[in-house]
Each structure stands twice: as structure tokens, then as C-alpha cells.
Amino acid sequence: MSKYPEYTHEKSREWFDRALAAVPSGIYGHLGPSEGLWLPITKWPLMGDHAKGTYFWDVDGNRYIDMMCAYGPNVLGYCDDDVDAAAIEQLRIGNCTTSPSYKMVECAELLKDTVAMADWAFFMKNGSDATTFSVMCARAHTGKKKIMFFKGYYHGDFQWCQKADYPGIMPEEVANNIIVPWFDIDAMQRAYDECGGDVAGLIAQPYDHGNFFDNVCATKEQWAAVRKFCDDHGMVLIIDDVRTGFRLDLEGSDHYYGFKADLMCFCKALANGYNMSAVCGQEHMKATASSVVYTGSYWLSAEPFAACLACIPKMKRLDIPTMFREKGTKLTEGFKAAGKEHGFDLVVSGEPALFYLRIANDDSLMLHQEWVAECVSRGLFLASHHNHFINAALSDEDIALAIDIADDAFSVVAERHQDLGFIK
């Protein structure tokens, strides 16, 4: 018998039905039930109401410990008092104005002082904006066309980084993409030779934190070899730190792995949910960045800069990377132990700050998806196929509650599948 009553979602469903009548897919993209794999859909909250700290509440009043953190932007805790106060004060002064606020300059200076490789910063809104600008810079800098990717890449949803068989994507939009296995220098060399050296750069995440499979961390030796390859072949090395930025190392994930990227893309943890992204670059890329035509009406709005100016110093004071490693390890070790008590082999992979979960008893992942749905319907919001995030507001009490809910969910799934030999 479950000790956590299952949530119901009548109001959430009503709002979703209204959304279906007015919005394509109702809720589209990674926040929607389709791409998010919210199955069965009755177990999931589709519409939120408010949030604070490490929790959010849906429109039915159900509370969730949120281990997705809005897919990363919630780094300090929802509605952080310090960040919100800075943003609200800036709104009183001015936000989107004809001349950009001096806060832009302060933000760029802060990133230069924080990110080890940064000699300058260029601002936009979304992670896809940042990766696209970086690829444009690589091509402008080298005069070459092709971009090298590591297998399983995700660098946003703009046309150049999707796949040829995706709806609306033309083959010529991805014709210059070269895909190689992670850290396979021989494969990189073969690909380079096959296209006659027409490669502008390599774009990659700091380690393989893709979906639907165990995440694989990198080593300093692997990145040193890639850095040397790019130097030897005149290629721009772009690190997509949109998801991992500041969570592994406040000086950048390239610093964490012991090398310097030419360009680094940041977004999610920059301003604790306020809408901004950034590309940082080394000095030799600055003139090229100045030459690229790339802008937006809202890119230099001041409110997110004010939020960033409060967020990054607070992350430094809290020593976010150390905190997240400790909290992530404590949480995932508790999850694994709870699973083991019921006969489940829960595999944890990736960095503790961005942990990935997989029940290994069932290769189809259906058992894992079932357990996740039971967690969610009892107040622990996990995802069935994506890495998760730690935030600074997650307390020891929250971790204990999360582990207890996970344990309860394991017991429910074990009861349902007694034929598989699980322990109730």
C-alpha cells in the first residue's frame, strides 16, 4: 500500500484541452507531454501555477520536488529573493530601451572575470541563439563550411543542428554536418580528409549527456587530444556549455576538463530563469564576432542582465559546483539504495550535478518509465529520458523526502510486477 496518495490532475487536463484548441500540440517542445514522454499522461501535471525554492505547484495544487529545474534554468531555487530583487529593481528603471543599459557591460565584465577562457562576451536569448552564433563565427573565421559534431549531439533546434529527415528540414540545411564518434581522433582525421579539410570547427558538449542512454563523462586526456587536433587542423573548438555551464566549474566546463575552448556557449544557469544566453570567446575570435550580423530586438534588455549580475556572484559565494556534487551524490546514492531494497538495479550516470537515471532490469526502458511516472504522481518530478538537475535550494530534508517518495514508487511498481521477482 502506497503511503503517498496519488495526485489527480483535473484542472491541469482542462487547461491542456483549452491549450489544444489554441496552441499547436497544446504544449510544444520539450516542456510538452509528447516530447517529454509524459506516459501515462494521467500521471503528469501539464500546467503549472507557481514555484518557490526547489518546488513547483500545478494548477490542481499538487506540490512537486522538481529535479528538472525547468530543464536547467533553476540553479539557485525558484523565485530566489536576491536575483528577483535585482531584476525587479531594473524593471523600475528600464528594460528594453533604444540604447542598451550599461548593465550589459557589467555583465560582460563579470563573465570575463568568471570564465577562464573569456576575453569577451556576446549576448542573446536562447541556447540555440548561442550555438548558432558560434557556428557562424567559426565559418567566418576560417572561411570553411563544414562543422564536426560528436555522435548523439544536441545543440538546439535551429535547422542546421537538426536532422535531414525531421519535418521542415531540407537536406541542404544539414549537408555540411560531419558526425563522428566521441573522442575518436582517427575518425575525426578520416572525416577531415574525406572532405578535403573543409572543416570550420567542432561543436560539442563537455561530455556525452544525451537522452535515452547512460551518460558518459569525459577525461582531461580526451579533451587534450581534441584540442590538439583542432589546433593542428585550424579548426575552431566550440563548447556547448548551455546545459552544464557553471554546474561543473564556475570557470567553465572546459576549465573543469583542463583545456581552453575558442568559443563557449552559456544559457541555463546564467540568470536563474531570466531570459538570456551568452557566447564567450578568446581574443583571437573577437574581430570575427564583431563582423557577424546577428541580433534581436530583445537581446540587450536590461532585466536579465541585472538578474545575471546577482546570480553569478551568489553561485560563487555558495560554491555551486561543490554543493551540487555533494547534493547530487547524496540524492542518487539514496535512490540506488531504495531501488536495491525492492530488487531494482538503478544505474546512475553522468556528473552528480546533472545525473541520469536508468532502471537496468528492463532494456526496453518501459519499467523505468513506469517508476518515474509513479514518482511524479506522488510529488517527485523526474524525467524518464533526460538528465536531471540539482539546485541550491534543495535541502537535506528535501533529499530525504525525494528518496522516500522514490522508495514508495519502487514498492508500487514491485507490487504490480510480482511475476518479475521484485520485493514489495
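How far is the sulfur of cysteine 217 from the closest cysteine sulfur? The distance is 18 Å, and the partner is cysteine 69, too far for a bond. Keep in mind that this is a predicted model, in which local features need pLDDT of at least 70 and side-chain atom pairs count only at pLDDT 80 or more, while totals for chains, interfaces and linings use all residues. Residues are numbered from 1 along each chain as its sequence is written, and side-chain values use heavy atoms, with hydrogens and water left out.

**Cysteines**

- A disulfide is a covalent bond between the sulfur atoms of two cysteines.
- Searching the whole structure turns up 0 disulfides, where a disulfide is taken as a pair of cysteine sulfur atoms within 2.5 Å.
- Cysteine 217 is partly exposed, at a relative accessible area of 33%; here buried means under 20% relative accessible area, exposed over 50%, and partly exposed in between (1.4 Å probe, protein chains only).
- For cysteine 267, the closest cysteine sulfur is that of cysteine 265, 9.9 Å away and too far for a bond.
- Cysteine 267 counts as buried, with 16% relative accessibility.

**Overall build**

- The protein chain contains 12 helices and 13 strands, which are DSSP runs (helices H or I, at least four residues; strands E, at least two) numbered from the N terminus.
- Its radius of gyration is 22 Å, close to the 22 Å from the globule rule for 424 residues, so the protein chain is as compact as a globular protein of that length. The radius is taken over C-alpha atoms, and the rule is 2.2 Å times the number of residues to the power 0.38.
- The C-alpha trace spans about 65 × 55 × 45 Å along its principal axes.
- Of the 424 residues, 57% count as buried.
- Taking contacts between residues at least 6 apart in sequence, 74% join residues at least 24 apart; a contact means heavy atoms within 4.5 Å.

**A look at valine 199**

- Valine 199 belongs to strand β7, which covers residues 199-204.
- This valine 199 is buried, and its relative accessible area is 0%.
- Beyond its neighbours within four places in sequence, valine 199 is in contact with Lys144, Lys146, Met148, Ile178, Tyr192 and Met235.
- Cysteine 96 sits 103 residues from valine 199 in sequence and 38 Å from it in space, C-alpha to C-alpha.
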